[in-house]
Each structure stands twice: as structure tokens, then as C-alpha cells.
Amino acid sequence: MKKVIITGASGMLGRALVAEFTKQSWDVLGLAYSRAEGALKKVDLRDGEAVRNVFKEFKPSVVVHAAVERKPDVVEKQEEEARKINVTATETVAKTCAELGAFLVFFSTDYVFDGTKPPYKPGDTPNPLNKYGIQKVEGEKVVQATQPNSAILRVPILYGQVEFLKESAVTVLAEALLDTSKQAKMCDYQIRFPTYTKDLAVVSRQLAEKHLQDPTIKGLFHWSSTERMTKYSMVTVIADIFGLSHDHLIANKEPPTGTPRPYNCQLDMSALEAFGIIGQRTPYRDGIKECLEPYIKK
């Protein structure tokens, strides 16, 4: 049986990855830390010895590294703590994969680009605008230097089944929608491509399986939804699905203040598709309905 270790397995993407690989008959070991429950194994990825011991005992053929501090505002304020996960732990995972001969799938972000010249191909030069993007570029370089037998998969804003609405920058929009007691501005400026974690999990699993069949399939890739949206258009779709008023939400056409974020980081996916990895793309309307039904009653 094919064996895979999934880091960050208690997170929104991690849970989707565990479900997808398990459904396709892989032997899955999910690693988590702050929310390690059930079958998940509690491992602090900042503890290099603990990571190596777990990997050597399980002997995976593939490692999917989904653990991340992904919130740009948090990374700006807690840069060194975030670096321990986004860079240092990534180096530990990559080195251990190299030692064991395990193929590594590492998730990066569209935020490695400045958003001025989309669509971006994998070979385009990164120019991140914030510390999160900078750390993910560092993570990419660490992976490329220590474990060439890897795939770096850059992805955009994600949504999926959440344990609480703030777990995704997409599902959290429902909070402002549901609170009709006050007006709220909603960004209608930055272009985003909200991508369903179930779809990304399928692509990740296909990439792992393709590599096991053909080890030349490795390198830098992009994956994304193709639906062009803003946060304002995302929330109006949610309102329409559940028959809710969004009159209290104001479309803000101005660039947002605070942590710098790129305008449009649309990703070119032709490199991945050239290997026949086409995955699946759930329409945003269908995916977000599935995710928010437990929280919004029609």
C-alpha cells in the first residue's frame, strides 16, 4: 500500500487531504499539533528530532507538507514565530524526505507575486509584497535546495469545510453578511480565485500518484480555480444562495489598507495540466454552499 504523511492534518486543507488520500486507499498518517485529535499524531514540526523519528518509523513514499502560518497579518506581527513553521520546519521536512527518499509536495502561495502582471507562470520571478509571501519564497528555496525530488504547488485563497467560520478567509465573509446590525465595507478591488480544498486535495493526490509512476514529474507548479472574484462578489453569491440581504454591505473599490496584498495573482496552470493532472473544479457556488450550510439556515 502507498504510504503518505500529511502535515498540518488538523487544518482545513489538511483534513481534505487526509480524506482524499484515505478514500483512494493510501495508508495515511496525519500529523498535527494544536488540534491533534483522533487518529492524528501529535508532532511539533519545530522539533527536528521528533519529525525525523516519526518519518523514519512510518517510512512514507510521499509527504504532503500542508502545515503553515498562512495569515498575512499574523506573519507581519509575529514574524519569527511564523518563520519557525513556514521556513525552519519546511527545511526539516524537506531534509528528512531527502534522507528517506520520499517525494515531497509543498504548498506555496500566489502571494509570492506582486499581482501586477498576471497570469503568472511557475518560472516567473517572485516579488512578494508582504512577509508571508517572503517566507513562502524562502520555503520554496529551502525545498529546492534540500529535496529536488519534490513538487512545489502554488495555490490561491482557499475555502473548504471549516470548524469555525474564521478558519478560511472566504467563509469568514459570512460573519459580516449575517450581522445586519451594522454596515460593513467589503473589498471589491483585489481579484481573487477562491479554490475549494476538496479540489486541491484531488490534484495533490493525482500529482503524488503521477510522480510514483514517472519520477520526472517534479518541480514548480500552479493550481487554482478559474473563477475571477472579489471578496464582495464572493459574499453576494453567499447571500444569493441562502436568500439573505446584503444591503448592509458596501462594495469598497479602493485598495485596502494594512498589510500589503497583491492586486491580481492569477496563476497559469498549463505546466501541471501538461502532465495530465487536471483534477476537478467545483463551481464556487456549489462549493461554498456545501461549506456554509452547517452555519446558515435558509
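Biologist: Is Asn-130 buried or exposed?

Modeller: Asn-130 is buried, with a relative accessible area of 3%. Buried means under 20%, exposed means over 50%, and partly exposed is in between, using a 1.4 Å probe and protein chains only.

Biologist: What sort of model is this, and how are the residues numbered?

Modeller: It's a predicted model, where local features need pLDDT of at least 70 and side-chain atom pairs count only at pLDDT 80 or more, though totals for chains, interfaces and linings use all residues. Numbering runs from 1 along each chain as its sequence is written, and side-chain values use heavy atoms, with hydrogens and water left out.

Biologist: OK, where does Asn-130 sit?

Modeller: You'll find Asn-130 in the loop between β5 and α5. Those labels come from DSSP runs numbered from the N terminus: helices are H or I with at least four residues, and strands are E with at least two.

Biologist: Which residues is Asn-130 in contact with?

Modeller: Skipping neighbours within four places in sequence, Asn-130 touches Pro-72, Glu-76, Tyr-111, Thr-259, Pro-260 and Arg-261. Contact here is heavy atoms within 4.5 Å. Take Glu-76: 54 residues separate it from Asn-130 in sequence, but their C-alpha atoms are 7.5 Å apart in space.

Biologist: What does the side chain of Asn-130 have 2.7 Å from one of its polar atoms?

Modeller: That's the backbone oxygen of Pro-260. Asn-130 also caps the N-terminal end of α5, where a side-chain oxygen lies 3.3 Å from the backbone nitrogen of Tyr-132. A polar contact is a pair of N or O atoms within 3.5 Å; within protein, one must be able to donate a hydrogen and the other to accept it, and residues adjacent in sequence count only if both atoms are side-chain atoms.

Biologist: Let's follow the chain into α5, then. How many residues does α5 have, and how far does it reach?

Modeller: α5 covers residues 131–146, which is 16 residues, and goes 22 Å from its first C-alpha to its last. That's close to the 22 Å expected at 1.5 Å a residue; the expected span is 1.5 Å times one less than the number of residues.

Biologist: Which residues of α5 are buried, and what covers them?

Modeller: The buried ones are Tyr-132, Gly-133, Gln-135, Lys-136, Val-137, Gly-139, Glu-140, Val-142 and Val-143. Their cover includes α3 (72–77), α4 (79–100), β5 (103–109), β6 (150–155) and β10 (219–222).

Biologist: Switching to α1: how far apart are its end C-alpha atoms?

Modeller: They're 17 Å apart, which agrees with the 16 Å its twelve residues should span at 1.5 Å a residue. In α1, Met-12, Leu-13, Gly-14, Ala-16, Leu-17, Glu-20 and Phe-21 are buried. Among the elements covering these residues are β1 (3–7), β2 (27–32) and α7.

Biologist: Which other residue has a positive phi, near 55 degrees?

Modeller: Lys-59, again a residue other than glycine. Lys-59 is in the loop between α2 (48–58) and β4, and it's exposed, with a relative accessible area of 60%.

Biologist: And which peptide bond is cis?

Modeller: The bond from Pro-118 to Pro-119 is, with omega near -5 degrees. Pro-119 is in the loop between β5 and α5.
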